Amino acid sequence: MPKYVITAKRKLAPRVNWFRIQAPLIARRAQPGQFVIVRLHEKGERIPLTLFDWNANEGFIELVVQEVGKTTMEMGRYNVGDHVLNITGPLGNPTHIDMYGVVVIVCGGVGSAVCYPVAKALRERGNKVISIIGFRTRELVILEEEFRRISDEVIVTTDDGSYGVKGFTTDALRSLLESGVKPGLVYTAGPVIMMKKVAEITRRHGVLTYASLNPIMVDGTGMCGACRVTVEGRTVFACVDGPDFDAHKVDFDELAKRLAQYTEEERIALEKYLN
Ligand code: FAD
Ligand code: FES
């Protein structure tokens, strides 16, 4: 059994950690837009996490993890030298990287870790990349430097105006489109409500939009059905049919409802863990 040893860890913001983990086989096959399923230990649940970055030569992958519940909080306590039991992947379809001309990336919170490898690949392909990265407040801003390195322009927004432009990512997107910028693609990841709003705005402007969806997942290989989402009226599985989908065709209200369906169980699991 391979040992997935943590070789580096950095705190990016309160409750958000970056990990570098030895996983040579995954690093060799990883592509932008794909994810892994991590199980920390024998009794651990399986959680999906996007491949933030990787290096095939050095055999490592990088993950950015926001602590939102029991397992992500437990992972936040792992340190350099610790190892996680299983990492399955790379999973999901890689993002379609093509020449679109101008691409606008719209990400909220830890969604910026999901968008980063895609933005990087789209820029390497020759697109002009404008990244809009949004956070609630200044202390939660992550990955700004990383985005500046791989984007032609970066707009940081904070809800409270404590850093960058005051407002939501969707306000910045609306201003950009109204100022005459004509992207060939908008790519978005983050809170469901944000992705829904992004889709509403770009629909009005007729701009192709992909959203990386984040439903609850269990196996990540199309067998359990936990990740089902409705796209253009059809039931599909985000793990094997996505995670990217045409945002204009996604039923975001259903996705939000399904993400909230185990709130009570998640609260109990976290309470038990903390006690
Ligand atoms: P729980 O107590 O289980 O849940 C807390 C909250 O997280 C709930 O509101 C619930 O709606 C949501 N959630 C629970 N389980 C899942 C799940 N399996 N998938 C999605 N949301 C869930 N998070 C990151 O921090 N970094 C990433 O790079 C990242 N990439 C993701 C890629 C994909 C394809 C998907 C589907 C999710 C990704 N997530 C990512 C979300 C992450 O998987 C969840 O935050 C995590 O599973 C929560 O587990 P928990 O036990 O800590 O919290
Ligand atoms: Fe089980 Fe997608 S996670 S089918």
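Which residue takes a positive phi in the hairpin of strand 15 and strand 16? In this predicted model, that residue is Glu-232, whose phi is near 55°.

- Strand 15 covers residues 228-231 and strand 16 covers residues 234-237; the two run antiparallel and are joined by four bridges.
- Val-231 has Arg-234, in strand 16, as its bridge partner.
- Two residues lie between the strands of this hairpin, and Glu-232 is placed in the loop there.
- Glu-232 is a residue other than glycine with a positive phi.
- The relative accessible area of Glu-232 is 57%, and because this is over 50%, the residue counts as exposed.

- Strand 1 (residues 4-13) runs antiparallel to strand 2 (residues 16-22), and six bridges join them.
- Ala-13 has Val-16, in strand 2, opposite.

**The packing of helix 6 and helix 8**

- Helix 6 spans residues 192-205 and helix 8 spans residues 252-259; their axes are 10 Å apart and the packing angle is about 180°.
- Because angles over 145 degrees count as roughly antiparallel, helix 6 and helix 8 are roughly antiparallel to each other.
- On the side of helix 6, the contact is made by Val-192, Met-195, Lys-196 and Ala-199.
- On the side of helix 8, the residues that meet them are Phe-252, Asp-253, Leu-255, Ala-256 and Leu-259.
- Seven residues of this contact are nonpolar, two are charged and none is polar.

**Cis peptide bonds**

- The peptide bond from Gly-89 to Pro-90 is cis, and its omega is near -5°.
- Pro-90 is located in strand 8, which covers residues 86-91.
- Gly-242 and Pro-243 are also joined by a cis peptide bond, with omega about 10°.
- Pro-243 lies in the loop between helix 7 (238-241) and strand 17 (244-246).

**A positive phi at Leu-143**

- Leu-143, a residue other than glycine, has a positive phi near 65°.
- The loop that holds Leu-143 runs between strand 10 (128-135) and helix 4 (144-150).
- Leu-143 has a relative accessible area of 6%, and because this is under 20%, the residue counts as buried.
- Glu-232, by contrast, is exposed.

**Cysteines**

- A disulfide is a covalent bond between the sulfur atoms of two cysteines.
- When a disulfide is taken as a pair of cysteine sulfur atoms within 2.5 Å, the count is zero disulfides.
- Cys-115 is in no disulfide, and the nearest cysteine sulfur, which belongs to Cys-107, is 3.9 Å away.
- Cys-115 has 0% relative accessibility and therefore counts as buried.
- Cys-224 has 40% relative accessibility and therefore counts as partly exposed.

How values were computed
Residues numbered from 1 in each chain as written. Chains lettered and ligands numbered in written order. Predicted model: local features only at pLDDT ≥ 70, side-chain atom pairs only at ≥ 80, totals over all residues. Heavy atoms only, no water. Pairing = 2+ DSSP bridges. Buried < 20%, exposed > 50% of the residue type's maximum accessible area, 1.4 Å probe, protein only. Axes fitted to C-alpha atoms, helices over the stretch in contact; angles between N-to-C directions. Parallel < 35°, antiparallel > 145°, perpendicular 65-115°, else oblique. Contact = heavy atoms within 4.5 Å. Nonpolar A, V, L, I, M, F, W, Y, C, P; charged D, E, K, R; others polar.
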